[in-house]
Amino acid sequence: MIKQRIVLRFPPQIVEQPVIYHLIKDYNLMVNILRADINPKKEGRVMMELSGEEADYLQAVGWMKNQGLQIMNLEQQIIWRSERCTHCGACTVICPTEALFFERPEMTVHFAEDKCIVCELCLRACPARAMETLVDNTNFR
Ligand code: SF4
Ligand code: SF4
């Protein structure tokens with residue numbers, strides 16, 4: 001058995017396909033959706049945890065790639081360089097999941113990795129370049 005957290009990016013042309021249904025029915029995977037941002041006819045993102053037999057999982061990954069889905073291993077996708085952070089708060093306004101947030105009463109910014117859906121909005125918002133993305137597909141399973 002394996003358990004893997006991934007982010008799926010759905011291009012607009014396939015955003016309405018029943019991908020989750022196929023993962024469960026055709027590949028015997030358990031799907032735990034952690035976060036979803038799907039809009040009809042627009043790109044969508046779903047952060048999920050998949051668990052099941054490794055062979056089933058690998059077949060499912062192949063099938064999803066063939067469907068045109070982008071798959072990213074969620075581990076260490078977004079990195080917060082706290083030493084560069086000036087706690088300006090620009091990212092906390094733009095972060096859709098509150099993964100970047102002010103902690104009171106100190107009013108310092110913190111990063112809750114488990115809430116991050118790897119939307120990368122904070123990369124553009126951060127004037128100090130404290131947010132980085134790490135795409136490590138060599139770890140992808
Ligand atoms: S990538 Fe940045 S803005 Fe997007 S959810 Fe993660 S921390 Fe928030
Ligand atoms: S935008 Fe950058 S510098 Fe400002 S609080 Fe967020 S991570 Fe820190």
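This is a predicted model: local features need pLDDT of at least 70, side-chain atom pairs count only at pLDDT 80 or more; totals for chains, interfaces and linings use all residues.
Strands S6 (residues 100-103) and S7 (residues 108-111) run antiparallel and are joined by four bridges.

## The hairpin of S6 and S7

Within the pair, Leu100 has Phe111 of S7 as its bridge partner. Four residues lie between the two strands of the hairpin, and Met107 adopts a positive phi near 60°. The loop between S6 and S7 also holds Pro105. The peptide bond that leads from Arg104 into Pro105 is cis, its omega being near 0°.

## The four-stranded sheet

An open sheet is built from four strands in the order S2-S3-S1-S4, and their pairing is antiparallel. Its edges are formed by strand S2 (30-37) and strand S4 (70-73), each of which pairs on one side only. From one strand to the next, the twist averages 25°. Strands of a sheet pair through backbone hydrogen bonds, in either a parallel or an antiparallel arrangement.

The pairing of S2 with strand S3 (residues 44-52) is antiparallel and extends over seven bridges. One residue pair that illustrates this is Ala36 with its bridge partner Val46 in S3. Helix H2 (residues 54-66) packs on the sheet, where it touches strand S1 (2-10), S3 and S4. The direction of helix H2 makes about 5° with that of S1.

Strand S1 contains Gln4. Is Gln4 buried or exposed? Its relative accessible area is 9%, so Gln4 is buried, the cut-off for burial being under 20%. Gln4 and Met48 are 44 residues apart along the chain, yet their C-alpha atoms are separated by 8.3 Å.

## Surroundings of the two ligands

Which residues come nearest to ligand 1? There are 13 residues around ligand 1, and those that come nearest are Cys95, Cys116, Cys119, Glu120 and Cys122. By class, the shell around ligand 1 comprises eleven nonpolar residues, one polar residue and one charged residue.

Ligand 2 has 14 residues around it, of which Cys85, Cys88, Gly89, Cys91 and Cys126 come nearest. The shell around ligand 2 divides into eleven nonpolar and three polar residues, with no charged residue.

How many disulfides does a search of the whole structure find? The search finds zero disulfides.

## Backbone and accessibility of selected residues

Asn28 is not a glycine, but its phi is positive, at about 55°. The residue is placed in the loop between helix H1 (19-25) and S2. Asn28 has a relative accessible area of 53% and is therefore exposed, since exposure requires over 50%.

For His87, a residue other than glycine, phi is positive and near 60°. His87 lies in the loop between strand S5 (78-80) and helix H3 (90-94). With a relative accessible area of 30%, His87 is partly exposed.

The accessibility values given for individual residues are collected here.

| Residue | Relative accessible area | Class |
|---|---|---|
| Gln4 | 9% | buried |
| His87 | 30% | partly exposed |
| Asn28 | 53% | exposed |

## The chain as a whole

The secondary structure of the chain amounts to four helices and eight strands. Read along the sequence, these elements follow the pattern β-α-β-β-α-β-β-α-β-β-α-β. The C-alpha trace spans about 50 × 35 × 25 Å along its principal axes.

Of the 141 residues in the chain, 39% count as buried. Among contacts in the chain with a separation of 6 or more, residues 24 or more positions apart account for 66%.

Notes
Residues are numbered from 1 along each chain as its sequence is written. Chains are lettered from A and ligands numbered from 1 in the order in which they are written. Side-chain values use heavy atoms; hydrogens and water are left out. A residue is near a molecule or strand if one of its heavy atoms lies within 4 Å of it. Ala, Val, Leu, Ile, Met, Phe, Trp, Tyr, Cys and Pro count as nonpolar, Asp, Glu, Lys and Arg as charged, and the others, Gly among them, as polar. A disulfide is a pair of cysteine sulfur atoms within 2.5 Å. Two strands pair if DSSP finds at least two bridges between them. Axes are lines fitted to C-alpha atoms, for helices over the stretch in contact, and angles run from 0 to 180 degrees between N-to-C directions. Contact means heavy atoms within 4.5 Å. Buried means under 20% relative accessible area, exposed over 50%, partly exposed in between (1.4 Å probe, protein chains only).
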